[in-house]
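Work through the exercises below with the sequence and the model open. Try each task before reading its solution.

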Amino acid sequence: MTTATTALPTPPRASKRRAGGGKLRALRRNKLALTGGIIAAVFVLTALFAPLIAPYDPSQPDFGNVLAEPSAAHWLGTDDLGRDQLSRIVHGARASMQVGLVAVVLAFLVGVPLGLLAGYYGRFADTAVSRLTDTMLAFPFLVLAVGLAAILGPSLTNATIAIGISQIPAVIRITRAETLRLKHVDYVAAAVANGGGDGTVLFRHILPNATSALIVQATVGIPAAIIGEALLSFLGLGVQPPAPSLGVMLSGAQSFLAPAPWLAVFPGLAIVAATLAFNLLGDGLRDVLDPRGATR
Amino acid sequence: MRRKAVALVAVALVSLTSGCASLQSSATEVGGVRMTDDRSVRDGGTLTVALNSDPDKLDPTLAQTLVGRTVFAGMCEKLYDIDEDGTFVPQLAASLPTTSADGRTVTVRLRPGLKFSDGTRLDAPAVVTSLLRHRDLPGSARSTELAPVTEAKATGPLTVRLTLDHPYVPLTGVLADRAGMVMSPAALKKYGKNFTNHPSCVGPFRFVERTGGDRIVLEKDPNYYDADHVHLDGVVYKPIPDGNVRLANLRSGDLQVGDQMAPVDVQSALTEPKLQLFNSPSLGYQGIGLNVGNVKGLGQKPGKIDTPVGRDVRVREAFELAIDRDLLNKVVFQGMYEPACGPISPQSAIAPGVAPEDCPRRDVDRAKELLKEAGVKTPVKIELKTSTTPEQGRVGQVLQAMVKEAGFELSLRPTEYATMLAETDAGNYDVFTSGWSGRLDPDGNVSNFLKTAGAMNAYGLGDPEIDKLIAEGRSVADPARRTEIYDELTRRVQDAHALIYLYRQKNYVVAGKDVAGIHVYGDGLVRVKNAGYTR
Amino acid sequence: MTKYLLTRLRQSLITLFLVSVVVFAGIRALPGDPALALAGEERSPEALAAIRESYGLNDNVVVQYGRFIGHALTGDLGTSSRTGLPVADAIGQALPVTLELAALSLLLAIVVGIGAGVVAAVRRGKPEEWLANAIALIGLSIPTFWLGIVLVLGFAIAVPVFAASGYVPFGTDPVDNLRRMVLPAIVLGSGLAAVVMRQTRAAMLDSLSADYVRTARAKGLSRGSVVGGHALRNSLVTVVTVLGLQLGHLISGAVVTEQIFVLPGFGKLTIDAVFTRDYATLQAVVLCTSAAYILINLLVDVVYSVIDPRIRLGGAR
């Protein structure tokens, strides 16, 4: 998992915030980001309309036609049980997207309030939350995920929960850092001085201004979750067969590397395409939304 | 098409040639049985053998894994062994054991002049020490097998007399496995619990070192009684779980022998001119267990399970009838294993079980009728717990597709090993994949699993008639009568549909063409004693 | 400065304590225990009970925890319930493997990453930058385990150049050692190289536009010496810090890589211990991993605070 699940912590640097409007236009001008956006959109649409796109039922075996090479009838060949690989990849995209979105939402639902709490109130709240974060970060992701999957039982939902939990520390750290930064910005300080309640200050002034950094984190979190799902399913801890998932497909393909290498190649390419798309989009968004990290 | 033909040939040959089978088929074809290669070899060299997982403790009393037995085959000989036909032969003993008329006294005579790897002598008191340790050491995995032994006594320097609680025919089979391994009393005294890190037995090779998860190194033992016939300088066992990686290493020559190869990898290996294949039929079985009465956990009295499968034997029969064993074997194992429908292998030398061609055929119409008679609402929902290996996953998915046609909705739950044991032991399941590596004596394949409240009866099966047959099978010495007993037992177990036997694996061992003299018998172990590199 | 260090140290110890509690409780929350995982095929209730007794699993969990910490503090990490080998030995044998893997991956990441990063920054707007960026992005997007499979497929099965698995100590046979470590190092290092490349490029761009570099150029220093001597040297500080932070990911990544290439390192030890419910090994291994991670973080923080004193005042604690 060298692919970072955290947006890289940036050494604080003087930030020159770009003037507000024209962000969308700026994003459109960025060709790479646009490409990423388009691929990501295709991926999302594929996931949404999987049953309409897939030429076959992804779970219907055909024992008379196993390990068939790519052909006109089966563009990407068939797997060890004779199922159409293209249809399985299309449906697998659905599982990937589901995990990607739900895990990130989960991480945000838990991580953002904790980050706000730690950053805004400091002292004991900060100490408690920071130690929690450190403890979670000190666990290798995989051990955490394997443990959770073993306790909860392997399933798509539990894999999602495991991945979501593993992303919480990153969200906490970013929210906390943003809160710390914004607390000292003039207009927030002014709102506090004017007697604004904690709720008002946190949700009207701090959170909206932290959105940029959080959106960027989401574009890092989604591909990380997609890879995470593939990895857990690959290890037999995610999606249950016969439901298709890109990781399940790779795991099955591993037994047939020599006789049917295409089984390992295409699902992997699908994962790379999806994560690449989100990374491109994330880069573009960062350029536009979060100039502090713009050069990266 | 070619694959199908090969599979058919394989099945036919296996049933024909179980007896006289050393070089029936060419080394590069699937099919037939090929247990050894007796080309002459030169002295010297080290053999690296890949195992499919890391063995557990290297202490014959505590060891539990099949791969561990393969390592022991290199360094710990047993009182008795089997030959290529599966019949018992003396190994450390001078002759087969003699049993008194009442079946309660067994006499074991030892070979003279045996020395342990630490140089001390193997005599009758040493055998007694080992047997009692196997039976009594807390945590011993041998205690159940040796429970009927009430007394072990050295009646001469090379004679041991065992007194039994009741006649116990499987004893020879037990002493031809780990319970028959004799450990050096000096080493046991010196290392105690730590014997596992300094094992010392009588064997062609002796233990040098072990790195957990990486390697176990043995070297030629000069103290060995038959050292003149040991050609290699040493053997290294390496756990390599991934089939592709094992194969790649065999191709590159980094490995010389790959144990327990999966059928798909065997097929790839056969395209490689530098490699040859050995195989032998397995004595074990693979199948699925159904929960018919395990309510309180393992070893407890069976109770009532209120699921369609647990309640009604007709539903279970319908489930079994919906399965096509041949197709399962063809799809998942390229037809290279063998369909099975009873606990005992047809290759058993003692009491051959049901042959694959006599197994019940798939009959979806009858299955649907049975479900109708049982009056259950279809689809009948069942959860199957499988292990997390891709191969078991495929078995599950093929079963899922097959039983669907008869009116079952089978959901799969891949469950990691330790969790699986915990849940199936507790009776917390509908159906699970249940397999057994097999024992030389048929009793080892039935009693613990099928006896009411047996140590591994996770199905909650409780049938007094089966219990009676098991007890009888253990005490009758006449082979013909034993075959009858186990035939009857198999029929009753089949009728209960609590453990549905599906297939028997075969032991596939791939080796470099420059290696000769290894032996692969029905117990699935790779014997390296006479192995070496060809001249 | 000393006060800051002490605070950080105290925090690290608290984290380490929490980690030890979590791993201890967590592994016991898994269904199945060492006795069951161990007994497997031939479990009898008596044997299970005896195994549980011999590993002290029948005692109160708090007692077990106390015993574990007590022994650990005296350097006794217990024995593996599966193999019976001392855990400390197992760690001692696994550590060099993982360290070599990590070192080779780091080397690869630094050479490729910094090289590509400098090229991308210096050749801004040229095809070279585009190419370097694209490679970095792909490096970030390829799942480690898939890259592993593809490399095994390509270089160990189709065109057998490298060995697909196994470990030979460097001291025994350096050539064979490297032949086996190249593919794993590529798998583990690729993502890291991408991160380093992007970081280097960013830092270089910052430095190249900084006043002193412009001054140096104005003073007539050659382009090469400005890039190499000034801009790069200044960028390295940031890059090194980021590398430090990535080491945690390196540890996790080693788990997958070692699993694919059957390297008997730390990662493999960890996963095997989970599956065999080898409490003693898992506790010790996770604790060591976490301690290493925390230590690296501590060092990185200290380096940071030296570079940028504002942090000590409460920025990123």
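The model is predicted: local features need pLDDT of at least 70, side-chain atom pairs count only at pLDDT 80 or more, and totals for chains, interfaces and linings use all residues. Residues are numbered from 1 along each chain as its sequence is written, chains are lettered from A and ligands numbered from 1 in the order in which they are written, and side-chain values use heavy atoms, with hydrogens and water left out.

**Exercise 1. Chain C**

Step 1. Count the elements. Helices (H or I, at least four residues) and strands (E, at least two) are DSSP runs, numbered from the N terminus.

Step 2. Go to the record. UniProt, in an unreviewed entry, places "transmembrane region" at residues 101-122, 134-158, 178-197 and 282-307 of chain C. Such annotations may be inferred rather than shown by experiment.

Step 3. Check two segments. Residues 101-122 of chain C are 100% helix, with end C-alpha atoms 31 Å apart. Residues 178-197 of chain C are also 100% helix, and here the end C-alpha atoms are 24 Å apart.

Step 4. Of the 317 residues in chain C, 54% are buried. Buried means under 20% relative accessible area, exposed over 50%, partly exposed in between (1.4 Å probe, protein chains only).

**Exercise 2. A nonpolar patch**

Which residues make the nonpolar surface patch of about 580 Å²?

Step 1. List the members. They are A:V44, A:L45, A:L48, A:F49, A:L52 and A:I53. Patch residues have over 30% relative accessible area and no salt bridge; nonpolar side chains (Val, Leu, Ile, Met, Phe, Trp, Tyr) are joined within 5 Å, like charges within 9 Å.

Step 2. Helices α2 (31-48) and α3 (50-53) of chain A each give two or more residues to the patch. The largest share, 3 residues, comes from α2(A).

Step 3. Take one member. A:L45 lies in helix α2 of chain A. A:L45 counts as partly exposed because its relative accessibility is 45%.

**Exercise 3. Rings**

How is the pair B:F333 and B:Y503 classified, and why?

Step 1. Apply the geometry. The ring centres of B:F333 and B:Y503 are 4.6 Å apart and the planes stand at 40°, so the pair is tilted. Rings of Phe, Tyr and Trp (its six-membered ring) pair if their centres lie within 6.5 Å; planes under 30 degrees apart count as stacked, over 60 as edge-to-face and the rest as tilted.

Step 2. Locate the partners. B:F333 is in helix α11 (residues 325-333) of chain B and B:Y503 in strand β19 (residues 499-504) of chain B, 170 residues apart. Both B:F333 and B:Y503 are buried.

Step 3. Widen the view. The structure holds 15 aromatic pairs over all chains. B:Y285, B:W436, B:F449 and B:Y501 form one aromatic cluster.

**Exercise 4. Salt bridges**

Where do the partners of the salt bridge B:D326 and B:R361 lie?

Step 1. Confirm the contact. The side chains of B:D326 and B:R361 meet at 3.1 Å, N to O. A salt bridge is a side-chain nitrogen of Lys or Arg within 4 Å of a carboxyl oxygen of Asp or Glu.

Step 2. B:D326 is in helix α11 of chain B, and B:R361 is in the loop between β15 (338-339) and α12 (364-374) of chain B, 35 residues apart.

Step 3. Compare a local case. B:E488 and B:R491 form a salt bridge at 3.2 Å, N to O. They are 3 residues apart in helix α17 (residues 479-496) of chain B, so about one helical turn separates them.

Key:
Accessible areas come from the Shrake-Rupley method with a 1.4 Å probe; for residues, only the protein chains shown count as cover.
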